[in-house]
Structure formats: structure tokens, C-alpha cells
Amino acid sequence: MLGIKINGSPIAVNPSVFQPTILDLDDAESTTRTSDGVLNRDRVAVKRQIQVEFPPMPMPKMSALLKQMSGVFFEFYFPDPMAGGYVTKTMYVGDRPAPMVIVKNGVVWWDTLKVTLTEK
């Protein structure tokens with residue numbers, strides 16, 4: 001259990017994969033390479049992007065999880081490898097594909113949900 005929270009509430013379903021990436025954002029106009037290959041870099045920000053996968057789950061849990069990430073932006077509390085502890089970042093979520101697996105005892109189960117969370 002990672003202790004992840006969305007908008008201050010525990011995440012509805014614990015992920016099976018949690019892969020943070022630390023991104024450097026460079027200014028597109030002022031970051032250039034000279035003709036001899038030397039990089040002149042203008043880093044403007046360091047952001048987090050997190051690949052998250054969730055195991056198969058029944059419809060009510062999928063609904064609760066997707067609703068937690070339904071805002072344009074949301075507060076995401078997670079363990080950060082660079083900070084060396086838990087941090088809260090304002091994030092947004094990309095596409096949220098959720099293939100249906102089966103109907104079991106009248107309950108729809110969804111297969112692995114994979115999302116990418118990106119810091120604002």
C-alpha cells in the first residue's frame with residue numbers, strides 16, 4: 001500500500017504499477033545546438049509524469065477511481081523518488097482506456113486501466 005491520495009482522499013484502488021518519471025522542460029526557442037554539437041540549454045521547469053496501472057476491478061471501484069481523476073486538475077499525493085518522501089503535486093490525467101473483461105455474477109469487471117498523470 002503506497003498511501004496515495006487524490007484531493008486528500010485515499011485512492012479508490014491501489015495501483016499494480018507505479019512508475020514516476022522526472023521530466024526536464026526546456027525552452028523551445030532558446031535551447032539550441034551549435035554546429036559543433038554543443039548544447040545550449042535553457043531548462044525552465046522540472047515536472048513529474050507518472051505511469052499508473054490498476055488491476056482488474058468491478059464496475060463500482062472503476063467508477064470511484066475514474067471520478068477521483070475527473071477534474072481538469074487534481075491534487076495528487078504520492079512517494080517521489082527525487083524528493084525522498086511524499087509530495088503533493090497538481091496533476092492532470094490523459095486518456096483513460098478501460099477494456100471490459102467479463103460479467104461475473106451480474107457484475108461487470110474491467111480489465112487493466114492504464115493512465116498517465118502529468119504535473120501541471
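This is a predicted model: local features need pLDDT of at least 70, side-chain atom pairs count only at pLDDT 80 or more; totals for chains, interfaces and linings use all residues.
**Entry 1**

**Entry 1: the seven-stranded sheet**

I next wrote down the strand order of the open sheet of seven strands, which reads β2-β1-β8-β9-β12-β6-β3 with antiparallel pairing. Strands β2 (9–10) and β3 stand at its edges and have a single partner strand each, so one side of each is left without a neighbour in the sheet. Helix α1, residues 59–68, packs on this sheet and touches β1 (5–6), β2, β6, β8 (74–80) and β12, and the direction of the helix makes about 15 degrees with that of β12.

**Entry 2: β12 and its partners**

How much of β12 is covered? I found five of its seven residues buried, so I noted the strand as mostly covered, buried here meaning under 20% relative accessible area. I then followed its pairing with β6: six bridges join strand β6 (residues 43–54) to strand β12 (residues 113–119), and the two run antiparallel. Within β12, Thr118 is the residue opposite Gln49, while Lys114 is the bridge partner of Glu53. Strand β9, residues 85–93, is also antiparallel to β12 and is joined to that strand by three bridges; here I noted Met91 opposite Glu119 of β12.

Together with Val46 and Met82, Ile22 makes a nonpolar surface patch of about 250 Å².

**Entry 3: the three-stranded sheet**

I then turned to an open sheet of three strands, whose order is β7-β11-β10 and whose pairing is antiparallel. Its edges are β7 (57–58) and β10 (100–104), and because each has a single partner strand, one side of each is left without a neighbour in the sheet. Two bridges join β7 to strand β11, residues 107–110, and I noted the opposite residues as Met57 with Trp110 and Pro58 with Trp109. On the other pairing, four bridges join β10 to β11 in antiparallel fashion, with Val103 standing opposite Val108.

Which residues of β11 make up its covered face, and which its uncovered one? I recorded Val108 and Trp110 on the covered face, and Val107 and Trp109 on the uncovered one. I set this beside the general rule that side chains in a regular strand alternate between the two faces of the sheet.

Last, I looked at the hairpin of β10 and β11, which has two residues between the strands, and noted that Asn105 takes a positive phi near 55 degrees there.

Terms used:
Residues are numbered from 1 along each chain as its sequence is written. Side-chain values use heavy atoms; hydrogens and water are left out. Patches are made of residues with over 30% relative accessible area and no salt bridge: like charges are joined within 9 Å, nonpolar side chains (Val, Leu, Ile, Met, Phe, Trp, Tyr) within 5 Å. Accessible areas come from the Shrake-Rupley method with a 1.4 Å probe; for residues, only the protein chains shown count as cover. A salt bridge is a side-chain nitrogen of Lys or Arg within 4 Å of a carboxyl oxygen of Asp or Glu. Two strands pair if DSSP finds at least two bridges between them. Contact means heavy atoms within 4.5 Å. Axes are lines fitted to C-alpha atoms, for helices over the stretch in contact, and angles run from 0 to 180 degrees between N-to-C directions. Buried means under 20% relative accessible area, exposed over 50%, partly exposed in between (1.4 Å probe, protein chains only).
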